[in-house]
Amino acid sequence: MDRINIYGPSGPYDVLVGDGVLTRLGDLTHGLGGRAAVVADENVAPRYGAAALSALSEGGMPAQLIVLPPGEQKKTHETLLQLYAGLADMHLQPSDLVIGLGGGVLCDMVAYASATYLMGVRYLLAPTTLVAMVDACIGSEATINVNGAPIVGLLTQPALVVADTSLLRSLPEREMNSGLSELLKLAAIRAGGLWASMDDCAGRTDLFARLPGWVAAGCRIKAEIVQDDPRETGQKMLLQFGHTFGRAVETAAGGRLLHGEAVAVGMVMAARWGERLGVTVYGTTQQLSSTLVKFGLPVALPDFISREAVLDAFFTGMSANSSRVILLRQIGVTRVRVLDRNELRNLIESVWAAEQ
């Protein structure tokens, strides 16, 4: 088991990573609360809810399960009120504990609810997806969607994060690959051993053998970036690598691409921009693309997405006449450039013209 210490705005907390750590939940929560509310969605609860309750019972902590509807579209105040009602029905007190068992959406809901219920209750996050382990659960943000956008939120932090990598073996392949895209993004922006290890991975069996180490390395990279910049005024912007263009691709796809798949397309586009601007060392795009392809990720716009729709989504999403864009100098080394609308349009169209 790896232990990653994160120094958040309210103090330090640990992220524990390893196969089977969920079975130790009873020992790991000792002293964190008198009772526990385990919160999971309708997809996760049947798979892991009973195991979590059993582990807590063995450690001497009484617990009940609260089940919420699944999906990004349910990350709303209506679902939040449902969670508050479940906690109130349990007569949960500030001396108790809330445990979020699920993906990024569920963990966000639990963090927000815990920070606001009874002026604050301690909470633990037990992510069940790769994206949640290396992204959603590392940092201090918790948001709720309004009109489909995460515009309501607060800064908070868990008492503990427990990332059981054995749970990832049951993920559908596309969802797993989407999470690997987020890991590759972290590896691409920070020099170190994670990129090399992922780059020379030799198949699915090797992948699962290396996965606990990859997740721990990804958590360390994100922790180093976010712990000193909770409000994204400095180096935290590096996490937007691949997202400038990737968000537009995801919007234009209308749900037919997973987030990590869209980010993979966005990372390659950013690398191509950098090579055209003379910022990125020639050959970096090919190096990045070949690794993404190895993990089943797209590296160009799929045929079912129109370029016009992507351009519309891209420029509609720009809130100003220019944008800070994260580029690579090479794998592990980043550069930030400010590009205006005309420069961005010319870069996008020149990349597309070269692909024809």
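1. Helices (H or I, at least four residues) and strands (E, at least two) are taken here as DSSP runs, numbered from the N terminus. The model is predicted: local features need pLDDT of at least 70 and side-chain atom pairs count only at pLDDT 80 or more, whereas totals for chains, interfaces and linings use all residues. Residues are numbered from 1 along each chain as its sequence is written, and side-chain values use heavy atoms, with hydrogens and water left out.

2. Strand β9 spans residues 160-164, and five of its five residues are buried (buried means under 20% relative accessible area, exposed over 50%, partly exposed in between, with a 1.4 Å probe and protein chains only). In a regular strand the side chains alternate between the two faces of the sheet. For β9, one side carries L160, V162 and D164 and the other carries V161 and A163; both faces are covered.

3. Which strands pair with β9? Strand β2 (residues 11-18) runs parallel to β9 and is joined to it by five bridges. Strand β6 (residues 122-127) also pairs with β9 in the parallel sense, over two bridges. Pairing here requires that DSSP finds at least two bridges between the two strands. As for individual positions, G18 stands opposite D164, and L125 stands opposite V161.

4. W273 belongs to helix α10, residues 259-277. The relative accessible area of W273 is 1%, so this residue is classed as buried. When neighbours within four places in sequence are set aside, the contacts of W273 (heavy atoms within 4.5 Å) are T244, F245, F314, V325, L327, L344, L347, I348 and V351. By contrast, G103 is 170 residues from W273 along the chain, and their C-alpha atoms are separated by 33 Å.

5. Most residues other than glycine have a negative phi, and most peptide bonds are trans. H91, which is not a glycine, has a positive phi near 55°. H91 is located in the loop between α3 (77-89) and β5 (97-102), and it counts as exposed because its relative accessibility is 58%.

6. The second case is L118, also not a glycine, with a positive phi of about 55°. Where does L118 lie? The residue is in the loop that lies between α4 (104-116) and β6. Its relative accessibility is 43%, and L118 therefore counts as partly exposed.
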